[in-house]
Amino acid sequence: MIDTIHYFSFPMLPSNMLPDFRVRQRDYLLEISRLLTQELDLEKLLARILRVSIEMLAGQAGLIALKQPDGWRVTAAHGIAPAFLSYLTPLLAEEKVGELDVLELNRMLKDLTYTASMGLLNGTGLPLAAHGQVIGVIFIFRNYADLFTPNDRVLLQSFADQAAIAVFNAQLYGQVSYEKQRLDALLDSAADGILILNADQVIERCNAAFEKLYGLTREEIVGKKHNEIVRWKKEPQGRTLEESVTEGWPLTPNATLYVEGDISRPLPPHLPVGITYAPLLSGEKKLRNIFVSVRDITHFRTADEIKATFISIVSHELRTPVALIKGYASTLRRDDAKWDKATISDSLAVIEEEADRLSKMIDDLLDALRLQAGGLSLHQADVAIPSLAVRVTERFASQSPKHKLVTDFPENFPVIIGDETRIEQVISNLVSNALKYAPDGEIKISGSMRPEQVIICVSDEGDGIEAKDLPHIFDRFYRSTNAVKQTKGAGLGLYLARAIVEAHGGRIWADTNPDGGLRRGARICFSLPR
């Protein structure tokens, strides 16, 4: 710590004026004392300290430089010409804190002052020291000789010490305010809901994410008891906060709790959440606060449900073709029976058909996994959709003689840019669905044009799509109750169709009333950019 101060004198005062001057000096100290307790705004505090310092030392101008992590910086100035200050500020900024003490800083300032004023000004520096460390310096410019009495030295030392404490407190307050702002920003930007409870489990803080999750405003949540807001719909997994506190929680600062379940909220539905409770203990090991982190686990639960559905569907749908293939192959291999050519041909046809169905299901599952891993890759080229649609109808026509497959495209239907294989997969999936769910009748692939897109529709004359199923038909693994009873499948066809269309920059939808409701049936359309 630097404890040496450069002292310069006030003008020589008549003896009958000294008592009044001593009173003024003590008034300065009292003002600094008031600043110590009243002013916490650092900028205002420095300006007032500098003004008092100039008056107290009978100076004409002055500045305050504070230590920063990377050097000294002028933080307040009074009565200094802009040209001099503009020269001094970058010079101070270059001086590293670890390489410069207050004596050196005073010497540099005195030299600069003397040179810049051509010998007309002099100066004195008072170091600001608090809690054993120098935090800055006050430098006062004067234009006369100096001489201080012992009483002046004691007074000035007291002044510098009090000013340093005031500056230190203001800096500390600024740091605390900054940390509070940072904490507020952290809480409000967190994706998870966060609550802060006091020791009585009353909510003191609530962030924006929890407001959004729960459906009440911050004002409606803060001040309520924890169990008034976190109300479990049914018994959760893990012990609740109230049960744990009754049993003595927390015993250590790191004793976090985790509870998972559904909580009620003002508007349905209930919310699946995982809640983590972390305690804050005082030095006496008493509970002061509880930090509550609330995470919406709807997606995790949905993923678990999808996984269970996937296992169920795959195990069922894969077992059927494998069983048929194995059954027919085992029958044909029997040594104790002679099969005629027609029976062998029919059996091989079933094996081939089931093998094709198995192969398509595996391809769909692989495509679904690719989508989950990051999307499908497209190989774009010119695509003539009318000829592609004809190719699809020709392939499916031989599979179902009860249906009439037709295409309907304008003569000038444009060639688009896209992945022909994937677009054919979309149309094939839509035609395959129409064949499954319409027992007979016409299945039409039609197209129309818009200025910036083309629209392709596949319609049938079946029973149509029930209203309750419409929001879900493009979901992965979704199959309606009637579909499960009537047809085989894994519920991936429309899911993959939507993914392919969206990868091309288009969209897909189902019309609830094909042809304006003049006939029954379903029609699914998709758009592609031109």
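User: Which residue of β16 stands opposite A510?

Analyst: Start with the general idea. Strands of a sheet pair through backbone hydrogen bonds, either parallel or antiparallel. Now the case here, in a predicted model. A510 faces I524 in β16. The two strands, β15 and β16 (residues 523-529), run antiparallel and share four bridges.

User: Which helix packs on the sheet and touches β15 and β16?

Analyst: That is α15 (residues 493-503). Its direction makes about 20° with that of β16.

User: In what order do the strands of that sheet come?

Analyst: Read across the sheet: β11-β13-β14-β16-β15. The sheet is open, has five strands and is mixed in its pairing. β11 and β15 (508-511) are the edge strands, and each pairs on one side only. Neighbouring strands are turned by 15° against each other on average, direction ignored.

User: Where does the mixed pairing show? Is β11 parallel or antiparallel to β13?

Analyst: Parallel. β11 (residues 403-408) and β13 (residues 441-449) are joined over six bridges. Within that pair, V406 has K444 of β13 as its bridge partner. Now move to the next pair. β13 and β14 (residues 453-459) are antiparallel, again with six bridges. There, I445 stands opposite V458 in β14.

User: What joins β13 to β14, and through how many residues?

Analyst: A hairpin does, through three residues.

User: Which strands does helix α12 lie across?

Analyst: α12 (residues 385-397) lies across β11, β13, β14 and β16. It runs at about 175° to β11.

User: Let me turn to the other sheet. What is the strand order around β9?

Analyst: The order is β6-β5-β9-β8-β7. Five strands form this open sheet, and the pairing is antiparallel. Neighbours here are turned by 25° against each other on average, direction ignored.

User: Why is one side of β6 and of β7 left without a neighbour?

Analyst: β6 and β7 (257-263) stand at the edges of the sheet. Each has a single partner strand, so one side of each has no neighbour in the sheet.

User: Now a single residue. Is A278 buried, partly exposed or exposed?

Analyst: Partly exposed, because its relative accessibility is 24%; buried would need a value under 20%. A278 lies in strand β8 (residues 271-281).

User: What does A278 touch beyond its sequence neighbours?

Analyst: Setting aside residues up to four places away in sequence, A278 touches T256, N289, I290 and F291. Take I290 from that list. A278 and I290 are 12 residues apart in sequence, yet 5.6 Å apart in space, C-alpha to C-alpha.

User: And H226: buried or exposed?

Analyst: Buried, because its relative accessibility is 1%. H226 lies in helix α8 (residues 226-229). Leaving out residues up to four places away in sequence, H226 touches L197, Q201, L241, E242 and Y277.

User: How do I look for empty space?

Analyst: Rolling a probe the size of a water molecule over the atoms shows where empty space is left. In this structure there is one cavity of 30 Å³ or more. The largest cavity holds about 40 Å³ of space.

User: Which residues line the largest cavity?

Analyst: L187, D188, I194, L195, I196, R205, C206, N207 and R218 line it. α5 (150-189), β5 (193-198) and β6 (203-206) each give two or more residues to this lining. β5 provides the largest share, three residues. By type, the lining has five nonpolar, one polar and three charged residues.

User: What is the volume of the second largest pocket?

Analyst: About 280 Å³. Thirteen residues line this pocket, and the closest to its centre are K67, Q68, Q171, L172 and Q175.

User: Which element gives the most to the lining of the second largest pocket?

Analyst: α5 does, with six residues. β1 (61-68), β4 (133-142) and α5 each supply at least two. The lining divides into seven nonpolar, five polar and one charged residue.

Note on methods: Residues are numbered from 1 along each chain as its sequence is written. This is a predicted model: local features need pLDDT of at least 70, side-chain atom pairs count only at pLDDT 80 or more; totals for chains, interfaces and linings use all residues. Side-chain values use heavy atoms; hydrogens and water are left out. On a 1 Å grid over the protein atoms alone, a cavity is a set of points where a 1.4 Å probe fits but cannot get out, and a pocket is an open set with protein on both sides within 12 Å along at least five of seven lines; lining residues have an atom within 4 Å of a point. Grid points are joined across faces, edges and corners, and a volume is the space filled by probe spheres set on the points. Ala, Val, Leu, Ile, Met, Phe, Trp, Tyr, Cys and Pro count as nonpolar, Asp, Glu, Lys and Arg as charged, and the others, Gly among them, as polar. Two strands pair if DSSP finds at least two bridges between them. Axes are lines fitted to C-alpha atoms, for helices over the stretch in contact, and angles run from 0 to 180 degrees between N-to-C directions. Buried means under 20% relative accessible area, exposed over 50%, partly exposed in between (1.4 Å probe, protein chains only). Contact means heavy atoms within 4.5 Å.
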